[in-house]
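Please have a look at the model below, and then read on for a few notes.

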Amino acid sequence: MSADGRGDTEPVGIDELLERVRAGFVRVGPQEAATAAAASEALLVDIRYAELRERDGLIPGALVVERNELEWRLDPRGSHRAPQAVSHDLRIVVVCNEGYASSLAVASLRQLGLHRATDLIGGFQAWRAAGLPVEV
């Protein structure tokens, strides 16, 4: 560790961080996410903030969890977990607005042992552009 306490690693920019994070899992497109959710093979988790959900609508059946609560709500061992957070084997597809913040959220969920967590390429906007259902 360096004298200033920052460690020996060089800082990275957000683009490089996203690239590193995404190299650790396979992201899914809107149709694949919809098919998996319809077959009860994946839990869609919408982490967009309230203003975006109010403006653009919701994905039917998605669990809405504010980003700042995500780890607490999806940790199967957590005291504040959502009823759906039953196992570390749960397949979770995180949805943000455009598919950036969700990738970082997935990295955090994977650190908790949620090894099947992934995110939606293009986020909610890609879901809507694909003509998939939205509740307004």
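The numbered points below go from the whole chain to single residues.

1. **A word on the source.** Please keep in mind that this is a predicted model.

2. **Elements.** The protein chain holds six helices and four strands. Starting at the N terminus, their order is α-α-β-α-β-α-β-α-β-α. With 136 residues, the globule rule gives a radius of gyration of 14 Å; the chain comes out close to that at 16 Å, so it is as compact as a globular protein of that length.

3. **Extent and surface.** Taken along the principal axes, the box filled by the C-alpha atoms is roughly 55 × 30 × 25 Å. The accessible surface is about 7,800 Å², with 51% of it belonging to carbon and sulfur atoms. Of the 136 residues, 41% are buried.

4. If you take the contacts between residues at least 6 apart in sequence, 65% of them join residues at least 24 apart.

5. In what order do the four strands form the open sheet? The order is β2-β1-β3-β4, with parallel pairing. At the edges are β2 (63-64) and β4 (118-119), each of which pairs on one side only. Between β1 (residues 43-46) and β3 (residues 92-95) there are four bridges, again in the parallel sense.

6. **Ser40, worth a look.** This residue sits in the loop between α2 (30-38) and β1. Most residues other than glycine have a negative phi. Ser40 is not a glycine, yet its phi is positive, at about 55 degrees. Is Ser40 buried or exposed? Its relative accessibility is 68%, and the cut-off for exposed is over 50%, so Ser40 counts as exposed.

7. **Leu74, on the inside.** Helix α4 (residues 70-74) contains Leu74. Here the relative accessibility is 1%, and buried means under 20%, so Leu74 counts as buried. Which residues is Leu74 in contact with, leaving aside neighbours within four places in sequence? They are Leu43, Val45, Leu63, Ala85, Ile92, Leu109 and Leu114. As for Asn97, which is 23 residues from Leu74 along the chain, the C-alpha atoms of the two are separated by 19 Å.

Terms used
Residues numbered from 1 in each chain as written. Predicted model: local features only at pLDDT ≥ 70, side-chain atom pairs only at ≥ 80, totals over all residues. Heavy atoms only, no water. Helix = DSSP H or I, 4+ residues; strand = E, 2+ residues; numbered from the N terminus. Rg over C-alpha atoms; globule rule 2.2 N^0.38 Å. Buried < 20%, exposed > 50% of the residue type's maximum accessible area, 1.4 Å probe, protein only. Contact = heavy atoms within 4.5 Å. Areas by Shrake-Rupley, 256 points an atom, 1.4 Å probe, with all protein chains shown as cover. Pairing = 2+ DSSP bridges.
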